[in-house]
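Reader: I'd like to go through the salt bridges in this one. Can you walk me through them?

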Amino acid sequence: MSQFKSAKEVLEFVKKEDIQVIDFRFMDFPGIWQHTSIPATRLDESIFEGGLGFDGSSIRGWQAINESDMLLLPDLSTATMDPFFAAPTMVLVCDVVEPSTGQPYSRDPRSIAKKAMAHVKTLGIGDVAHHLVVAARAQLRHRRMQQLLLGRVVRVVAVDAALLRRLVH
């Protein structure tokens, strides 16, 4: 988790540590990391409040060219230093937002995960979920719930899709 509680704290850290590059990251629908970078001198509070514009038509399966304007809204809790760039680089994972409505983009995996978590909470079956990448050929075979003193644990086991079809039909 990040130690930053405000955009002002991030800006002070960037200046104090002489960070040169800010890398804004997000994931596309197939699960591939995408990113765009700016010089740290361009980072200001307005990016944290209003987002950073980018072309959504350049992301496979997202937007048509005539509706390609999208916004990246950085999540302060994800701020971290990237140890692999030669220049000191801060990484911020972002939510993707529709600029015309200000609503989360429906194909943004972070948005989908947040909606799923909100649904789990409204059902009263959990308050924490850990989301993992699942191989494309794996499907759910069974789940096992355990009632614990402080809550529930759901274990999901992945198997080949052919086995799942035999079990379901």
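Reader: Is R25 buried, partly exposed or exposed?

Author: Quick caveat: this is a predicted model, where local features need pLDDT of at least 70, side-chain atom pairs count only at pLDDT 80 or more, and totals for chains, interfaces and linings use all residues. Residues are numbered from 1 along each chain as its sequence is written, and side-chain values use heavy atoms, with hydrogens and water left out. Buried means under 20% relative accessible area, exposed over 50%, and partly exposed in between (1.4 Å probe, protein chains only). R25 has a relative accessible area of 22%, so R25 is partly exposed.

Reader: Which residue forms a salt bridge with R25?

Author: A salt bridge here is a side-chain nitrogen of Lys or Arg within 4 Å of a carboxyl oxygen of Asp or Glu. With closest N and O atoms 2.4 Å apart, the partner of R25 is D82.

Reader: How many residues apart are D82 and R25?

Author: Helices (H or I, at least four residues) and strands (E, at least two) are DSSP runs, numbered from the N terminus. D82 sits in strand β5 and R25 in strand β1, so this pair links distant parts of the chain, 57 residues apart.

Reader: What is the N to O distance between K114 and D95?

Author: D95 is buried at 15% relative accessible area, while K114 is partly exposed at 45%. Their side chains meet in a salt bridge, N to O, at 2.8 Å.
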